[in-house]
Amino acid sequence: MHTFEFLRPADSEATVAIAAQAKTAQQGADVRFIAGGTTLLDLMKLKVETPARVIDINRLPLDKIEATPDGGLNIGATVRNSDLAHHPSVERDYAVLSQALLAGASAQLRNMATTAGNLLQRTRCMYFRDTAMPCNKREPGTGCPAITGTNRMLAILGTSEHCIATNPSDMCVAMAALEATIHVQGVNGARAIPFGDFHLLPGSTPNRETVLEPGDLVTHVTLPPPATGSRQVYLKLRDRASYEFALASAAVVLTIEDGRVTRARVALGGVGTKPWRSLEAEAALVGQPVDQAGFRNAAEAALRDAKPQSENGFKIELAKRCLTYALQLATA
Amino acid sequence: MQATDIPSDTTIKLTVNGAPQAITVDVRTSLLDMLRERLHLTGTKKGCDHGQCGACTVHVNGRRVTSCLTLAVMHDGDEITTIEGLGTPDNLHPMQAAFVACDGYQCGYCTSGQIMSAVALLKEPCGADDAAVKELMSGNICRCGAYANIVAAIQQVRKNA
C-alpha cells in the first residue's frame, strides 16, 4: 500500500474544503474519504486506489437514521449496513431495502460498510482489480480486455465498447426502486441528486462512475414516504447461497388494487453497469392484472435492450426469470 | 482549514482485551497487523487480507469486523476483543468449549475467526434454525470443511443460553 496522509477534520465544512483540493473525485482521486474501508482499503492494497490523503469521516455526525417531516426517512452517510437493515422503520416500511442489505456481503462486512460507501462501491471486474491488466475504468485509453476475455459476471445492460463492468451493489438496487434522493455537501453548498441521476453509464468515460466532483461529501440519503400498502421484494440469484455477488437480482415495489397493478417500481442488479431502474418494466406492469403472463411481459420489456457478452448470455434469461419470480413473490 | 493533520506515524490509545494500550503505528497499519505484529496477539489470523475469508474477525466495541479491512488509526478510543480476550485454556468461553466438544475444526487456522464471529452472532438477530446460522456465518471460510460441526457448536451454545 502506498503511504498517505491520514486526516480527521473537525467538521463537514473542513472535510469538504480539503477534498475540494483533489483533481478528481473519480477513479484515481488523490483525496479519498474513508468510512467502513471495506472497498477503499481493499483497492489500496491492490494499488488500484493510491490516494495521497485519506480523510476519516467516521467521527462526523452523519450516522443517524431519522424520520423526515413528510413521513420519509433520512439515512446518514456513515450508518452501517447492518444497522440500516435492522432499523424498525426500514424493516416495516422499506422491506426491499432491508432484504437487499442482508443479501449483500457478510455479517462482518455489513457491520463495517456504510450507506455512502455502498453507493460508491466499485465493480468486482477482475481486470479493474488487477493493475497488470489494461482497463479503461482504471486507466482510460488502455482498452477493455473483459470484452474478449472473462466476462461471465459482467453486465448486459448499459455497456459500451469501452466498459462492461457490473455495478455490484445490492443496496443501490433497492434504493433505485424506492426512488431515493442522495444529498451531497460540496464547495458551493448542499444539493440533492435523484437516485437515477447519481451513477453514470460508462460510455467513453468509464473512469467517471458518478456525478460527484472534488469536495463533494455525501451526507445522507432520503427515502420518500412509503407507498401505502406496497408489496416489496428483493430477490438475488447467485452462484452460492450466501456471500456472493449477484448474477441477477430484482427489487420490486408494487401496489395492487382490485387485482390490478396500480403502481410499480422495478430495478435490477448484477446485470447493469449501474443500478438498473427499469421504467420499461414498470410501464408494462401498470394497469395489468396480477398474473404470470403480465409479469413475464414486464421482464421481456426490462431486458429488451440487453446485449450479451461471450460468456454471460445466460444472464438475459436468468434476469427475466428473476424479475418474474420476484413479482410472483411480491403478489403471492 | 481546521484539519488536524496526523503524521505518518501516529500514536493511538485503545483498549485491547480489557487492557489500555498506547501504540505508535504507521498510518497504513491494519488493525490486524497491529494486533499480530505489535501487540503479538497472534491468535487472530491473516488469511486473504481482503475481507473475504473471515480468519481475522475480532470485535470492535462488541461488534464483529474483519480486522484486515480497517486501519488501526481509525480505532483511537475503541475497545477491541480478540480470541485471547475471550477465554483461557483453563477457563474456556462456552463457545470455545462447544467447538472442542463438537469437533468444530480440523487444521484450526480459521477457528479463532469462526469463534469470534459465533460469539458476536449470539447478540445479533438470527433465526432459530441451522439455515439462519449458516447465513450469518457465511463470512467465515473453513477450507477443511468443518462447517457441519461449527453449526452444531453454535446451536449447542444457543440452546444452553
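Colleague: How far apart do the C-alpha centres of domain 1 and domain 2 of chain A lie?

Modeller: This is a predicted model, in which local features need pLDDT of at least 70, side-chain atom pairs count only at pLDDT 80 or more, and totals for chains, interfaces and linings use all residues. Residues are numbered from 1 along each chain as its sequence is written, and chains are lettered from A and ligands numbered from 1 in the order in which they are written. In chain A, domain 1 covers 5–56 and domain 2 covers 231–331, with bounds that come from an automatic or database domain assignment. The distance between their C-alpha centres is 35 Å.

Colleague: Why is chain A described as being as compact as a globular protein of its length?

Modeller: Chain A has 12 helices and 12 strands; helices (H or I, at least four residues) and strands (E, at least two) are DSSP runs, numbered from the N terminus. The globule rule is 2.2 Å times the number of residues to the power 0.38, and the radius of gyration is taken over C-alpha atoms. For 332 residues the rule gives 20 Å, so chain A is as compact as such a protein because its radius of gyration is close to that, at 19 Å.

Colleague: What share of the residues in chain A is buried?

Modeller: A residue is buried if 20 or more other C-beta atoms lie within 10 Å of its own, exposed if 12 or fewer, and partly exposed in between, with C-beta atoms placed from the backbone. By this count, the buried share of the 332 residues in chain A is 55%.

Colleague: Which residue in E8(A) is the bridge partner of A:Val184?

Modeller: Two strands pair if DSSP finds at least two bridges between them. Strand E6 (residues 181–186) of chain A runs antiparallel to strand E7 (residues 189–194) over six bridges, and there A:Val184 is partnered by A:Arg191. E6(A) also pairs in the antiparallel sense with strand E8 (residues 217–223), over five bridges. In E8(A), the partner of A:Val184 is A:Val218.

Colleague: Which element gives the largest share of the side of chain A that touches chain B?

Modeller: Two residues are in contact if their C-beta atoms, placed from the backbone, lie within 7 Å. The contact involves 28 residues from chain A and 31 residues from chain B. Among the elements of chain A that give two or more residues are helix H1 (12–19) and helix H6 (107–112). The largest share, five residues, is from H6(A).

Colleague: What is the radius of gyration of chain B?

Modeller: Chain B has five helices and six strands, and its C-alpha trace spans about 55 × 30 × 30 Å along the principal axes. A compact globule of 161 residues would have a radius of gyration near 15 Å, and the value for chain B agrees with this, at 16 Å.
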